[in-house]
Amino acid sequence: MGYKQYILVCGGTACESNQGIALFSALKKAVEENGLVNDVQVVRTGCLGFCEKGPIVKILPQDTFYVEVKPEDAAVIVKEHIIKGRVVSRLLYDKNQSKINVGIEGIDFYQKQFRIVLRNCGVIDPDKIDEYIARDGYKALEKVLFEMKPQDVIDEVSKSGLRGRGGAGFPTGKKWSFAAMQPAGQKYMVCNADEGDPGAYMDRSTLEGDPHSVLEAMTIAGYAIGANMGYVYIRAEYPLAIQRLETAIGQAREYGLLGKNILGSDFSFDIELRLGAGAFVCGEETALLASIEGKRGMPTPRPPFPAVKGLWGRPTVINNVETLANIPVILLKGGLWFSKIGTATSKGTKVFALTGKINNSGLIEVPMGTTLREIIFDIGGGIRNGKAFKSAQTGGPSGGMIPPQFLDVPIDYESLAKIGSIMGSGGLIVMDEDDCIPDIAKFYLDFTVDESCGKCAPCRIGGRKLLNYLDKICKGAGSYEDIENMKEISEAMARASLCGLGQTASNPVQSSLRYFMDEYKEHIDDKKCRAGKCKSLLRYTINPEKCVGCTACARVCPVTCISGERKKPHVIDELRCIKCGQCFEVCKFNAVNRA
Amino acid sequence: MAKLTLADLRNLRDEKQKAMEKRDPSNKDAQIIVGMGTCGIAAGAKETFNAIIEELDSRGITHVLVRQTGCMGLCHSEPTVEVIVPHMPVVIYGNVNAETGKKIVNDHIVNKQLIDNHICDKPAMDIVR
């Protein structure tokens, strides 16, 4: 028993609706006709991505990836590829296309993803330090401690072009060199794992899947800047990540990879966890430091920057989880290797938590410069239920909404800023035609108003004002004067807020006013919400011609505002209607109108 | 274990690397790896993990090592399970509930067949290997 080859046929919805089922049977038939039933297994798979190029066929163990395969190609694939071992080149995915973003020689693969940060996630057992070590773990630390001076380490990181993955994109090498330049004495290394954007879970997954890479990177950073103590500030809502970090720290101490005289060198470094209570503002570095010190988590003006005066007044470097997870690879493969990946100003890869109205939601890592279209349609498998793409939100509540005309913009820090969004920490929420733009803006504002610490007026008052205006618009009571006021307040908040939270809180409003003004206009002029999300603007009525009087709607109505006799048309009392939409859902005769 | 010196760390790495390459830790030649990040566990990875172990035990199969790992990134298909069997391609299965977990043991491990409708693509090449 045992097959020699496997033909995998994509069984995703997109491929199946595109003759995928016929293709599957055709391949099975071709295998039978050639007497290969005992040598070749034809298997249907889950969605393989690349739905626009479907149906997809993949041959194992050769790993050949065929696209746009038609049922009539089945015989050729079996005769040529399976029997003669010759690749059917006309069906191959265009390899040149996939190589654009990864400028590293010898790499030839059809996937859009390239994993540096997530290299060990889903590969090693996170509770076993030995498995991390087997995959070149702590090799970078070894190299750093015994072959490099602190300045060499900083130079290598600078050469790589790595920029902060928390969102702002400050060059990591520069940050380290500021702290290293401070007079010797007590310094600290802090890892920011206070991930709080709605829909973002990159850092959690990295810490859960590969905690040692972050510990190793912190130790390397400690060596580079002259710190002997590190803290991981992580939110208490991440119990599994905390548990795995604790196990990892314990194992590293036991092996002497943390603690006094690491690997017998004269460098000592230790790491402790600090748990945050889940305040969004504590992801801001000065508020985070205040929280570690036991104070209330509120930001303070910069300068002085933490690299000069940070934790307990000492020079402190704060790096995000994802930034740190890149460090061991950069030091092992060299800054030059890393700098070849990505765009002119943004190097390396970016991890995104792909969520929303998308078929294949998940954690992805792509080279900088990948377009939204590639992420959403090739990796994400397109929009759920074949609906139309409306907007993508990067950077969570601090980012902007990206409309369809920018789907082909290569993603990096600069290009996203240019179109009114930010890179952010990596949340990527996809919205479709059923989402209402003013309603989404309201959702984000609601979040930032809730999470504002209230220290500075622009954020505290401006945010609340913006939210009130949005609420008014969503209720159909908005005016164009409100829009002008919103623009002015947004501007003021962006300029005058104390920290990043307030400075970016108006981004969803500003970007949506810029790209989706037509939807605001509809809400103001026509009192209409095309997505049907703004309840106050909806009207439910029953079409007497279609209603058969089945009483289903009257029975489901929670406020009993639907009346009518059996087998006679029913009527909705619009004054009492709470617009829950249950009658609309339950009606089998399309007699309930929603407008 | 005592604190490592540089030489100890290098030896340990070599030794573990060989073990992982041979995929033969303690006379086991096949592996079933269950993704146990928060996403996987929330989708029922623990039940899957237990079902696989029970099925292996009840059939008296001892050559398969069952391991856990972090999130493979395929959150839309959690729980995910990777299966490594000699002379067969390495496969990642998605949406593996307890039932499908048992099926993996029966079809993939015992009968050396891939399972319909559950195969996912490996998301990217491995830069470490």
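This is a predicted model: local features need pLDDT of at least 70, side-chain atom pairs count only at pLDDT 80 or more; totals for chains, interfaces and linings use all residues.
Chain A contains 23 helices and 17 strands. Its radius of gyration is 28 Å, close to the 25 Å that the globule rule gives for 595 residues, so chain A is as compact as a globular protein of that length. Along the principal axes, the C-alpha atoms of chain A fill a box of roughly 90 × 75 × 40 Å. Of the 595 residues in chain A, 55% are buried. Among contacts in chain A with a separation of 6 or more, 71% are made by residues 24 or more positions apart.

The domain assignment divides chain A into domain 1 (5-98), domain 2 (129-337), domain 3 (349-432), domain 4 (437-526) and domain 5 (538-594). Taken over C-alpha atoms, the centres of domain 1 of chain A and domain 5 of chain A are separated by 50 Å.

Strand β5 of chain A, which spans residues 188-193, is mostly covered, with six of its six residues buried. In a regular strand the side chains alternate between the two faces of the sheet. Both faces of β5(A) are covered: A:Y188, A:V190 and A:N192 are buried on one side, and A:M189, A:C191 and A:A193 are buried on the other. Two strands pair with β5(A). Strand β8 of chain A (residues 316-320) pairs with β5(A) in the parallel sense over five bridges, and within β8(A) it is A:N319 that stands opposite A:C191. Strand β6 of chain A (residues 229-235) also pairs with β5(A) in the parallel sense, here over six bridges; A:Y233 in β6(A) is the bridge partner of A:N192.

The largest nonpolar core comprises 205 residues, of which A:L27, A:I220 and A:A221 touch the most other members. Helix α9 of chain A (residues 211-225) provides the largest share of this core, with nine residues. When residues up to four places away in sequence are not counted, A:A221 touches A:W176, A:M189, A:V317, A:N319 and A:I327. Of these, A:M189 is one of the buried residues of β5(A), and A:N319 is the residue opposite A:C191 in β8(A). A second, separate core has 12 residues, including A:I542, A:A552, A:I572 and A:A591.

A:I402 in β12(A) is the bridge partner of A:A392.

Several backbone features of chain A lie in loops. The peptide bond joining A:L60 and A:P61 is cis, with omega about 0°, and A:P61 is found in the loop between β3 (57-60) and β4 (64-66) of chain A. A cis peptide bond also leads from A:R302 to A:P303, where omega is near -5°. A:P303 lies in the loop between α11 (285-292) and β8 of chain A. Although A:E68 is not a glycine, its phi is positive, at about 45°. A:E68 is placed in the loop between β4 and α2 (74-84) of chain A and counts as partly exposed, with 16 C-beta neighbours inside 10 Å. A:T551, likewise a residue other than glycine, has a positive phi near 70°. A:T551 is found in the loop between β14 (540-542) and α22 (552-556) of chain A; with 15 C-beta neighbours inside 10 Å, A:T551 counts as partly exposed.

The contact between the chains takes 55 residues from chain A and 44 residues from chain B. On the side of chain B that touches chain A, α1 (6-22), β2 (64-69) and β5 (119-120) of chain B each supply at least two residues. Helix α1(B) gives the most to this side, with seven residues. By residue class, the side of chain B that touches chain A divides into 19 nonpolar, 18 polar and seven charged residues.

Technical notes:
Residues are numbered from 1 along each chain as its sequence is written. Chains are lettered from A and ligands numbered from 1 in the order in which they are written. Domain bounds come from an automatic or database domain assignment. Two residues are in contact if their C-beta atoms, placed from the backbone, lie within 7 Å. Helices (H or I, at least four residues) and strands (E, at least two) are DSSP runs, numbered from the N terminus. Ala, Val, Leu, Ile, Met, Phe, Trp, Tyr, Cys and Pro count as nonpolar, Asp, Glu, Lys and Arg as charged, and the others, Gly among them, as polar. A residue is buried if 20 or more other C-beta atoms lie within 10 Å of its own, exposed if 12 or fewer, and partly exposed in between; C-beta atoms are placed from the backbone. Two strands pair if DSSP finds at least two bridges between them. A nonpolar core is a set of buried Ala, Val, Leu, Ile, Met, Phe, Trp, Tyr and Cys residues joined through C-beta atoms within 7 Å. The radius of gyration is taken over C-alpha atoms; the globule rule is 2.2 Å times the number of residues to the power 0.38.
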